Amino acid sequence: MIYHLSLQVAGIITGVLLILLSAAAVFVPTVSRSFVAKLPRSRTAGTILLTIDLVWTFWLLATMEMGEFSSFRRPLLVLLPIAFFLVLKFVDEFLAVRALGILSLLAAEPLLEAAFLRYEASRLLVTLLAYFMIVAGLFWVTMPYLLRDQIGWSTKTLTRWRVISGLAFGFGTAILVCAFTVY
């Protein structure tokens, strides 16, 4: 185990984040729609997200047990910041989308680890979200234009945007309720 999060703590964090993100989209739809539409090509958002990815990955490499691959730890810790600066310098297209994809891949692992070997059926809410994040993250990293298209489709009409945001709000609420009552 790397993260040592209980399913309850993982559920609370996940539920609160989903509720906060989707509440902003539900209650301030015009501002959130315009922000989300600009996100794929935002250099600032890409830099912030990639920095979060760097710190998280650096921490993982520095602290996790690597077994027979322990000899690779030091070279990877040196190469990681170099790769970070090279990506910032040479990757201009959809940097925010790629960084968001990496972040969703990193964030899925603690959710799966927290739900591992738990008997409650409601753990599948967290597991379902984690696998959705993995699939979405893989697509966003390899084909970043898909997020731009997904955002364009979901923000096309105000009704569609509110329905999608409402579904995310409901899913976050369900996870949060399960975290306090079941886990």
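This is a predicted model: local features need pLDDT of at least 70, side-chain atom pairs count only at pLDDT 80 or more; totals for chains, interfaces and linings use all residues.
For what follows, Ala, Val, Leu, Ile, Met, Phe, Trp, Tyr, Cys and Pro count as nonpolar, Asp, Glu, Lys and Arg count as charged, and the others, Gly among them, count as polar.

How do the classes divide in the lining of the second largest pocket? There are 10 nonpolar residues, 1 polar and 2 charged.

Now the largest pocket. Its volume is about 1900 Å³. It has 43 lining residues, and those nearest its centre are Leu18, Leu21, Leu100, Phe132 and Trp140. Two or more lining residues come from each of helix 1 (7-27), helix 2 (29-38), helix 3 (43-63), helix 5 (95-115), helix 6 (123-142), helix 7 (145-154) and helix 8 (158-181). Which helix gives the most to this lining? That is helix 1, with 10 residues. By class, the lining of the largest pocket has 36 nonpolar residues and 7 polar ones, and no charged residues.

Next, the nonpolar cores. The largest has 15 residues, and Leu7, Leu111, Val126, Leu129, Met133, Ile175 and Tyr183 touch the most other members. At least two residues of this core come from each of helix 1, helix 5, helix 6 and helix 8. Another core, of 11 residues, lies apart from it; Met66, Leu88, Ala99 and Leu103 are among its members.

Take leucine 129 as an example from the largest core. If we set aside neighbours within four places in sequence, leucine 129 is in contact with Thr14, Leu18, Leu111, Phe171 and Ile175.

Threonine 155 sits in the loop between helix 7 and helix 8. Is threonine 155 buried or exposed? It counts as buried, because its relative accessibility is 13% and the cut-off for buried is under 20%. The side chain of threonine 155 reaches the backbone oxygen of isoleucine 151 at 2.7 Å. Beyond its neighbours within four places in sequence, threonine 155 is in contact with Arg33 and Trp161.

That is the end of my part.

Definitions and conventions
Residues are numbered from 1 along each chain as its sequence is written. Side-chain values use heavy atoms; hydrogens and water are left out. On a 1 Å grid over the protein atoms alone, a cavity is a set of points where a 1.4 Å probe fits but cannot get out, and a pocket is an open set with protein on both sides within 12 Å along at least five of seven lines; lining residues have an atom within 4 Å of a point. Grid points are joined across faces, edges and corners, and a volume is the space filled by probe spheres set on the points. Helices (H or I, at least four residues) and strands (E, at least two) are DSSP runs, numbered from the N terminus. Buried means under 20% relative accessible area, exposed over 50%, partly exposed in between (1.4 Å probe, protein chains only). A polar contact is a pair of N or O atoms within 3.5 Å; within protein, one must be able to donate a hydrogen and the other to accept it, and residues adjacent in sequence count only if both atoms are side-chain atoms. Contact means heavy atoms within 4.5 Å. A nonpolar core is a set of buried Ala, Val, Leu, Ile, Met, Phe, Trp, Tyr and Cys residues joined through side-chain atoms within 4.5 Å.
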